[in-house]
Amino acid sequence: MNWAAAFRAAHPWLLWLLPIGGLLIAAIYRLTKMENKNTNAIIDAIHFGDKVPLLLVPAIYLSTVITHLFGGSAGREGAALQIGGSLGCYVGQLFHLDEKDMRIATLCGMSAVFSALFGTPLTATIFALEVISVGVFYYSALVPCIVASLAALAISNAFGIAPTHFTFALTAAPRLLLLRVAALAAVCSLMSILFCVTMHGTERLFAGRIQNPWLRIAAGGAIVVVLTLLVGTGDYNGAGMDVITRAIEGGQAAPDAFFWKLLFTAVTIGSGFKGGEVVPTFFIGATLGCVLGGLLGIPAGFAAALGLVCVFCGAVNCPIASIVLSIELFGAGQLVYFALACGIAYMLSGYFGLYSSQKILYSKLRTEFINIHAK
């Protein structure tokens, strides 16, 4: 992933080949017969005890690298969850585990690769256990997933892959900071809804207008090329971690950056390119928070950090994982503010979500069992 991003940055002309990269991805999924296999398939495997095909590993791996190599706008965690879930399921089959333990093995794989990729072992553990069924926590998998996450992180560190971490300045807290943070979280919850609706809507739009998957992904690649020429910058191609860093550590973000990232990502993923949606939520949240910070009187870097975890929380419906993420990314110094922001973002984000297979078992506003799928 790092190599693909660096190589594309050194050779900007690769962007023109994005439609061809899309055709390569379509060919990979056709050859491996992995069409319609995505993160939802991993969640369904845990819900229903289904087996995850091992061929999903090379398919999502190669496709994600191709997406980033040619300038598609996507994240990395989709590949992490799918690779981890598939490998975990395969290891479970090797050891002839029963159906219940196979689900734990799949969760362990998801936690491990997420931890290795981002360097956030506790977030990886809690996220895997929380994202499947919101309101029910798989305690039986807690210790196995922690062990898997820590082992994966140790191996990742041994290969010199640095954990993701940011720093921001908050020298003096402004008055009524809790209220300012609450207002920021409320706006970010609306952004998380918009992100989920746009992602799902764009996917349906592409599928309805262009039936042929080869033409669909090539057209999506061509649109991303045109959009890049229109905005005149490559900030919205790839994962955009440098933009996230500037927003949090430098307090700098273009006022419309969150809009363009939303559009680029929706077209990229909606047309069939592979990657993930979580890092784009980081990007959108950080840049939106940076802009809102100036309006609400919150230091820009701190507001960007709050926006990152809030939009992530609202999009994946995982408040506990989001709070833990804030600790692993930013430290525990401002934990109270992050916890409040995550709680409000979760409460106000409705029942929308990135993963349509995700079950929301309990109401966000009342002590009521609802058992619905994320919209």
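A: Happy to! The largest nonpolar core has 120 residues, of which Phe127, Ile248, Phe302, Leu308 and Phe330 touch the most other members. Such a core is a set of buried Ala, Val, Leu, Ile, Met, Phe, Trp, Tyr and Cys residues joined through side-chain atoms within 4.5 Å; buried means under 20% relative accessible area, exposed over 50% and partly exposed in between, with a 1.4 Å probe and protein chains only. Helix α14 (residues 300-316) gives this core its largest share, 13 residues. Helices here are DSSP runs (H or I, at least four residues), numbered from the N terminus.

A word on the source: this is a predicted model, where local features need pLDDT of at least 70 and side-chain atom pairs count only at pLDDT 80 or more, while totals for chains, interfaces and linings use all residues. Residues are numbered from 1 along each chain as its sequence is written, and side-chain values use heavy atoms, with hydrogens and water left out.

Back to Phe127: leaving aside neighbours within four places in sequence, Phe127 is in contact (heavy atoms within 4.5 Å) with Leu81, Phe114, Phe312, Val316, Cys318, Ala321 and Tyr355. One of these partners, Phe312, lies in helix α14. Phe312 is buried, with a relative accessible area of 1%. Again leaving aside neighbours within four places in sequence, the contacts of Phe312 are Phe127, Val278, Thr281, Phe282, Ser322 and Leu325. As for Ala332, Phe312 is 20 residues from Ala332 in sequence and 18 Å away in space, C-alpha to C-alpha.

Methods. Helix = DSSP H or I, 4+ residues; strand = E, 2+ residues; numbered from the N terminus.
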